[in-house]
Amino acid sequence: MNTLAVFLIVVVAVATAAPSSILVDEDPMPVTTVTTCGGYVNSSSAAINFQLGGAIPAGQVCLWTVQAPYDAIRFNLKESGLGMGDNLKLTRFIGATPGYQYNVTEVGANYTYTAGTVLVTLEAGASSTMGFSLEMYSSGDLDAGGGGFTHYSTHLEASGATAYPGNGQPYRDNEIAVIIVSPSEAGSRTLTFTGMDVEGSTGCIYDSVEVFAWEMGGLSSKARVCGSELPPPTVLDSGLGIIIFKTDSSVTAGGFAFNWM
Ligand SMILES: *[C@@H]1O[C@H](CO)[C@@H](O)[C@H](O)[C@H]1NC(C)=O
Ligand SMILES: *[C@@H]1O[C@H](CO)[C@@H](O)[C@H](O)[C@H]1NC(C)=O
Ligand SMILES: *[C@@H]1O[C@H](CO)[C@@H](O)[C@H](O)[C@H]1NC(C)=O
């Protein structure tokens with residue numbers, strides 16, 4: 001073990017033991033800028049500048065997952081060309097469990113969380129509108145509870161198929177894997193599982209695959225399964241779906257596969 005490793009362990013131990021004195025200020029300016037429709041934003045601060053000054057196609061959905069290192073998280077809408085029919089939302093997503101939501105509507109207002117992870121979702125309405133700039137700053141103490149996904153991927157293709165782990169190996173213990181289906185071309189999709197090999201149990205209390213659809217402005221659980229039971233085909237009205245795979249500390253199996261079109 002080198003000195004850096006020892007130092008890091010000491011820092012983590014202090015940060016998780018009790019409220020510590022290691023408090024970090026916000027960055028003066030966002031250190032990361034994201035302009036894509038969706039993605040994984042892993043930074044102490046960031047600006048999500050999506051189609052700023054440009055048009056957003058009707059029905060477009062985008063999902064960004066924000067992972068900040070510190071536990072005081074502040075979002076601030078700097079500029080917005082969004083209209084009444086558009087929904088820009090924040091959803092608490094600690095441990096990949098959907099939680100408290102904000103509707104981000106007011107330019108200049110602060111929307112705060114006391115821990116990460118946070119999903120940022122845009123659902124454009126029926127008519128074409130202009131983009132926005134949303135800034136995120138984190139500060140305070142190290143956020144021990146956030147992140148920790150064993151896998152995170154976003155699929156932007158209009159249709160496709162994927163498998164997890166998909167590398168010929170079984171999945172691992174203590175996984176939290178998050179797979180986002182977010183076609184960059186607007187419109188509803190149907191998500192169909194083609195394979196399931198996950199440790200089975202009554203109530204799927206050990207390992208589970210849960211399918212969420214983004215509908216009515218939030219994440220709606222459509223199915224939660226394990227064993228070899230295929231979830232029913234799920235209609236993703238907005239096109240946006242999230243597959244969350246959680247496993248416990250023992251017994252692994254082959255995983256699962258699905259497609260969307
Ligand atoms: C997020 O950033 C931190 C610090 O740079 C890094 O240690 C960590 O591996 C990153 N996590 C992911 C999932 O990329
Ligand atoms: C947010 O918007 C939804 C409609 O998309 C509405 O049902 C909900 O009440 C709003 N929440 C708040 C806190 O204003
Ligand atoms: C938002 O938070 C920042 C940083 O704490 C503060 O400077 C600003 O005044 C707040 N804005 C509002 C409208 O409360």
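**Exercise on a ligand**

Find how far a polar side-chain atom of N103 lies from an oxygen atom of ligand 2, then describe the surroundings of ligand 2.

Solution. The N103 atom is 2.4 Å from the ligand oxygen; a polar contact is a pair of N or O atoms within 3.5 Å. For K89, a polar side-chain atom lies 3.3 Å from an oxygen atom of ligand 2.

The model is predicted: local features need pLDDT of at least 70, side-chain atom pairs pLDDT 80 or more, while totals for chains, interfaces and linings use all residues. Residues count from 1 along each chain as written, chains are lettered from A and ligands numbered from 1 in written order, and side-chain values use heavy atoms, without hydrogens and water.

**Exercise on another ligand**

Which residues surround ligand 3, and how much of its accessible area does the protein cover?

Solution. R74, G108 and N110 surround ligand 3. Look at the side chains in turn. An N or O atom of the R74 side chain is 3.3 Å from an oxygen atom of ligand 3. In N110, a polar side-chain atom lies 2.4 Å from an oxygen atom of ligand 3. Of the 360 Å² that ligand 3 has on its own, the protein covers 32%.

**Exercise on aromatic rings**

Describe the ring pairs that F245 forms with Y171 and with F256.

Solution. Begin with the whole structure, where a search finds 17 aromatic pairs (ring centres within 6.5 Å; planes under 30 degrees apart are stacked, over 60 edge-to-face, the rest tilted). Y171 and F245 form an edge-to-face pair, at 4.8 Å centre to centre and 85° between the planes. Now place the two residues: Y171 is in the loop between β12 (160–164) and β13 (176–181), and F245 is in strand β18 (residues 241–246), 74 residues apart. Strands are DSSP runs of E, at least two residues.

Y171 counts as buried because its relative accessibility is 2%, and F245 is buried with a relative accessible area of 0% (buried is under 20%). F245 also pairs edge-to-face with F256, at 5.1 Å centre to centre and 65° between the planes. F256 lies in strand β19 (residues 255–260), so this pair ties together parts 11 residues apart in sequence. F256 is buried, as is F245. Finally, ring pairs link Y164, Y171, F193, F245, F256, F258 and W260 into a cluster.

**Exercise on a sheet**

In what order do the 5 strands of the open sheet stand, and which strands are at its edges?

Solution. The order is β1-β3-β10-β5-β8, with mixed pairing (two strands pair if DSSP finds at least two bridges). The edge strands, β1 (32–34) and β8 (110–113), each pair on one side only. Inside this order, take β3 (residues 45–56) and β10 (residues 129–142): they pair antiparallel over 8 bridges. A47 stands opposite E135 in β10.

**Exercise on V66**

Is V66 buried or exposed, and how many Å separate its C-alpha atom from that of D86?

Solution. First locate V66, which is in strand β4 (residues 61–67). V66 counts as buried because its relative accessibility is 3%. The C-alpha atoms of V66 and D86 are separated by 20 Å, and the two residues are 20 residues apart along the chain.

How values were computed: Near = heavy atom within 4 Å. Polar contact = N/O pair within 3.5 Å; in protein donor to acceptor, adjacent residues only side chain to side chain. Areas by Shrake-Rupley, 256 points an atom, 1.4 Å probe, with all protein chains shown as cover. Phe/Tyr/Trp six-rings, centres within 6.5 Å; stacked < 30°, edge-to-face > 60°. Helix = DSSP H or I, 4+ residues; strand = E, 2+ residues; numbered from the N terminus. Buried < 20%, exposed > 50% of the residue type's maximum accessible area, 1.4 Å probe, protein only.
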